[in-house]
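Hi,

Here is the structure we talked about handing over.

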Amino acid sequence: MTKRPPRVILAKPGLDGHDKGVRLVAMSMRDAGFDVHYLGLRQSIDSIAAAAKERDADFIGLSVLSGTHLRVADRMLQKLREEKLRCRFFIGGVIPKADVLRLLELGVDNVFPVGTTFAAMNQWILEHCEE
């Protein structure tokens, strides 16, 4: 029996309008053999959760550059609990160092600030895809 590749949903929540970085992350993850679905710009928390449920995602990754990362993370975590979705949730983008610990305390599984290498993100996915 062949093990399936990790299923990853990537999205830009809210009104955040710049997506070059997350598109590069998606390409890197696809090149690593992951099953990646980039939902695009201006996604709602509900649409992200619905896509994760529909695709039986292992991971949800959100890219936030607008400074709303704490509020977005809290809303996404609440939606994951409501929908009883058991996928890992990570967030990346312009995240001040002071907020990384706050995000982890909220329940985000990992935080990838601007400057994190693609290799580090992909390695984290691989290390956590069977847990």
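I'll start with Lys12. Leaving out neighbours within four places in sequence, Lys12 is in contact with His18, Asp19, Val22, Tyr38, Gly40, Leu41, Arg42, Gln43, Ser63, Val64 and Leu65. Keep in mind that this is a predicted model. Lys12 sits in the loop between strand S1 (7-11) and H1, and it is buried, with a relative accessible area of 0%.

Most residues other than glycine have a negative phi. Arg42 belongs to the loop between strand S2 (35-38) and H2, and it counts as exposed at 51% relative accessibility. Lys84 has a phi near 55° too, again positive and again not a glycine. You'll find Lys84 in the loop between helix H3 (69-83) and S4, where it is exposed with a relative accessible area of 69%.

As for which elements build the lining, H1, strand S3 (59-64), strand S4 (88-93), strand S5 (110-113) and helix H5 (118-128) each give at least two residues.

H1 also takes part in a surface feature. Leu24, Met27 and Phe118 make a nonpolar surface patch of about 260 Å². Met27 is in helix H1 (residues 20-31) and is partly exposed, at a relative accessible area of 46%.

From helix H5 I picked out Asn122. At 10% relative accessibility, Asn122 counts as buried. Not counting residues up to four places away in sequence, Asn122 touches Ser28, Met29, Ala32 and Phe34.

Leu103 is another buried residue, at 0% relative accessibility, and it is found in helix H4 (residues 97-106). Setting aside neighbours within four places in sequence, Leu103 is in contact with His69, Leu70, Ala73, Ile91, Ile95, Val108 and Val111. For a distance check, Leu103 and Arg86 are 17 residues apart along the chain, and their C-alpha atoms are separated by 18 Å.

Now the charges. Side chains of opposite charge can pair when their charged atoms come close. How many salt bridges does a search of the whole structure find? The count is ten. Here are the ones I went through:

- Glu83 and Lys53 meet through their side chains at 3.1 Å, N to O. Glu83 is in helix H3 and Lys53 in helix H2, so this pair ties together parts that are 30 residues apart in sequence. Glu83 is partly exposed at 29% relative accessibility, and Lys53 is partly exposed with a relative accessible area of 49%.
- Glu82 and Lys79 form a salt bridge in which the closest N and O atoms are 3.9 Å apart. They are three residues apart in helix H3, so about one helical turn separates them. Glu82 counts as partly exposed at 47% relative accessibility, whereas Lys79 is buried, with a relative accessible area of 14%.
- Arg88 and Asp109 meet in a salt bridge at 3.3 Å, N to O. Arg88 is in strand S4 and Asp109 in the loop between H4 and S5, so the pair ties together parts that are 21 residues apart in sequence. Asp109 counts as partly exposed at 30% relative accessibility.

Some of these residues belong to a network: Asp46, Lys53, Lys79, Glu82 and Glu83 are linked by salt bridges.

Ala50 is in helix H2 (residues 45-54) and counts as partly exposed, at 43% relative accessibility. Ala50 and Lys79 are 29 residues apart in sequence, and their C-alpha atoms are 9.9 Å apart in space.

That's everything from my side.

Cheers

Terms used
Residues are numbered from 1 along each chain as its sequence is written. This is a predicted model: local features need pLDDT of at least 70, side-chain atom pairs count only at pLDDT 80 or more; totals for chains, interfaces and linings use all residues. Side-chain values use heavy atoms; hydrogens and water are left out. Patches are made of residues with over 30% relative accessible area and no salt bridge: like charges are joined within 9 Å, nonpolar side chains (Val, Leu, Ile, Met, Phe, Trp, Tyr) within 5 Å. Accessible areas come from the Shrake-Rupley method with a 1.4 Å probe; for residues, only the protein chains shown count as cover. A salt bridge is a side-chain nitrogen of Lys or Arg within 4 Å of a carboxyl oxygen of Asp or Glu. Helices (H or I, at least four residues) and strands (E, at least two) are DSSP runs, numbered from the N terminus. Buried means under 20% relative accessible area, exposed over 50%, partly exposed in between (1.4 Å probe, protein chains only). Contact means heavy atoms within 4.5 Å.
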